[in-house]
Amino acid sequence: MAQNTLSRRRTARPQKKIKKDYRLWIYLFPCLALVIAFGYMPIAGWVLAFLDYIPGIAIQDSPFVGLKYFRLIFSDYSNMLRVMKNTVIFALLGYLVAPLSMIFAIALNEIKGSGLRRTIQTITTFPNFISWVIVYALAFQFFSYDGILSNLLLSWGLTENPTSLLASKNAVYVFQTCMGLWKGLGWSAVIYLAAIAGIDQEEFEAAAIDGASRMQKIRYITIPSLMPTFIVLMLMQVGSFVGTGLDQYLVFYNGMVADKIETLDLYVYRATLLRSDYSYGTAIGMLKSLISIGLMFGMNGLSKKIRGNSIF
């Protein structure tokens, strides 16, 4: 009798809580609907990877080919190795410059003048809201054969022929990493600035009483307090290790640097939309998603085992 009463109370509590927080559920519903519509419903399109799909023909009328396109991916191993090499290099360079956002946020927080600090933050955050198409137009004016940099090098006698970073195979990895860093540095620092604002100020006051210098406060208080945020962001970035983005490399793509700038996302775009090979592109995208999920869970488990905490 007592057990039945206790079980009824336990089942009644969640129902009462849902009724009490129904407004929160209403607020949550639009976000949940968007996630389902754009995050989970497209997974149904993975069926194209197992069909010989031709645009204009109904999916149910497309012949089933099994793992044909997955075998085709591995049979074209030389091309895939080139694409994966570019993807991994860009991803590793992204990880290499990732700490610069935290360093920039710490340096920006140490500026005493609020007006100067806000000005610098606005200037560095603004590029994040510029389209990559506009960024390419600006880069073309500066770094093309007829650009400002080439003309300066010629006028100073540092080179005899016009040069272009946009068409340089040797500079493509570093150049694209720098462009991405310039565009996203200020915006990435916002998270760290919010984390710095959440640090207990009494710790800094106690350190000042003990005679700690500004650099010692940064080393022993600010950086350790930011490390959990840094680790979480790095773990989340692991999920996109093989998905380094499309927009940037698509607009900077040209025949001179095609072998070095073509990443996996760009390869899928070219295979799917330009060659209309939807089944092949879907198979590659499916493998990419599975690899990303595996990396995400693997690094999350490793962090939980080593550091004792994780993102889920």
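Mentor: Let's start with the second largest pocket, whose lining splits into 5 nonpolar, 4 polar and 6 charged residues. Here Ala, Val, Leu, Ile, Met, Phe, Trp, Tyr, Cys and Pro are called nonpolar, Asp, Glu, Lys and Arg charged, and the others, Gly among them, polar. Some ground rules: residues are numbered from 1 along each chain as its sequence is written, and side-chain values use heavy atoms, with hydrogens and water left out. This is a predicted model, so local features need pLDDT of at least 70 and side-chain atom pairs count only at 80 or more, while totals for chains, interfaces and linings use all residues.

What is a pocket here? On a 1 Å grid over the protein atoms alone, a pocket is an open set of points where a 1.4 Å probe fits, with protein on both sides within 12 Å along at least five of seven lines; lining residues have an atom within 4 Å of a point. Points are joined across faces, edges and corners, and the volume is the space filled by probe spheres set on them.

The second largest pocket comes out at about 330 Å³. It has 15 lining residues, with Asn109, Glu110, Lys112, Ile196 and Gln201 closest to its centre. Two or more lining residues come from each of helix 5 (99–109), helix 6 (114–125), helix 9, helix 10 (201–209) and helix 11. A helix here is a DSSP run of H or I with at least four residues, numbered from the N terminus.

Now for the largest pocket, at about 970 Å³. Its lining has 32 residues, and Gly94, Gly180, Gly184, Ser188 and Gln237 lie nearest the centre. The elements giving two or more residues to that lining are helix 4 (77–97), helix 9 (172–197), helix 11 (214–238) and helix 12. Helix 9 gives the most, 11 residues. By class, the largest pocket's lining holds 17 nonpolar, 14 polar and 1 charged residues.
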